[in-house]
Amino acid sequence: MAVILSSEEWARIHAHAEADYPSECCGVLLTRPGTATDRVLLSCRNVQDELHAKDPVRHPRDARTAYFIDPKDLLAIGRRESQGYEVAVIYHSHIEAGAYFSATDRQNALINGEPTYPDATYVVLSVVDRRVVDAAAFTWDRGQREFVTLDFTPPG
Amino acid sequence: MSVHVYIPTPFRRATNNQDRVTVDAPDVRGLLDELEGTWSGLRGLVRDERGEVHAHVNVYVNSEAIEALQGLATPLRDGDEVTIIPALAGGTREGRGGGRAWR
């Protein structure tokens, strides 16, 4: 598959995942179609702990097992989209767990059964004992109407 | 009350790919009514059957989330900017498996 992350972008995501341990990290890469270098990596804030503290019934998980991108970051993403950028990569980490696309990830990536970002690549990092030990990438397959695993090797 | 609305990519399939529209509405509820009246495909995407904004959708008026304002009753003024954005969220499944080494 095409390279979805540059070495520098991957290094930043990798560092973000380890810095936010034991919370899940999250962020997006926005790119402007038709340009090779017009890319913006937004390391976002995971507000899951705040949601859990405010309403543990509606948000039973904390940031150790879930992420919810800060609405302020969502607004920044929307602003970039309105400038012609597209969400190319959505990343987050799993703590003491593997790099897979979980049922929760899948559920939250759909709105009424349709993919929210059908052209985006979802990158999941596995962080064990404060260290990133694995990563995998997933995207929506229009033919199968399902998220499928992509061949992903982190750039060196 | 002319208000500018930004439609995010995931909802543009319901708006004939329009990303910006102008709506006349006195408040956020009226604005959503107006949008759903124009594009029926938006029904169910932004609000649930009770008319409440879905938990996975955020609505902002001039960069302020409506939860921090007056919710659907938030009044709108001429020239306001409304942005509708789906949440980005997820997480590990319960009963997590251990991580594995790099392949």
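## The sheet of chain B

In this predicted model, chain B holds an open sheet of 5 strands in the order 2-1-5-3-4, with mixed pairing. Strands here are DSSP runs of E with at least two residues, helices are runs of H or I with at least four, and both are numbered from the N terminus. Two strands pair if DSSP finds at least two bridges between them. Strand 2 (20–24) and strand 4 (64–65) of chain B are the edges. Each has a single partner strand, so one side of each lacks a neighbour in the sheet.

Strand 1 (residues 2–6) of chain B runs parallel to strand 5 of chain B, paired over 3 bridges. H4(B) has E81(B) in strand 5 of chain B as its bridge partner. Helix 3 (residues 71–82) of chain A packs on the sheet. This helix touches strands 1, 3, 4 and 5 of chain B, and its direction makes about 105° with that of strand 5 of chain B. Axes are lines fitted to C-alpha atoms, for helices over the stretch in contact; angles run from 0 to 180 degrees between N-to-C directions.

## Where the chains meet

Contact means C-beta atoms, placed from the backbone, within 7 Å. By that rule, 29 residues of chain B are in contact with 34 residues of chain A. Strand 3 (57–61), strand 5 (81–86) and strand 6 (89–91) of chain B each supply at least two residues of the side that touches chain A.

Strand 3 (residues 66–68) of chain A pairs with strand 6 of chain B, antiparallel, over 3 bridges. F68(A) stands opposite A89(B) in that strand of chain B.

## Basis

Residues are numbered from 1 along each chain as its sequence is written, and chains are lettered from A and ligands numbered from 1 in the order in which they are written. Local features need pLDDT of at least 70 and side-chain atom pairs count only at pLDDT 80 or more, while totals for chains, interfaces and linings use all residues.

Key. Contact = placed C-beta atoms within 7 Å.
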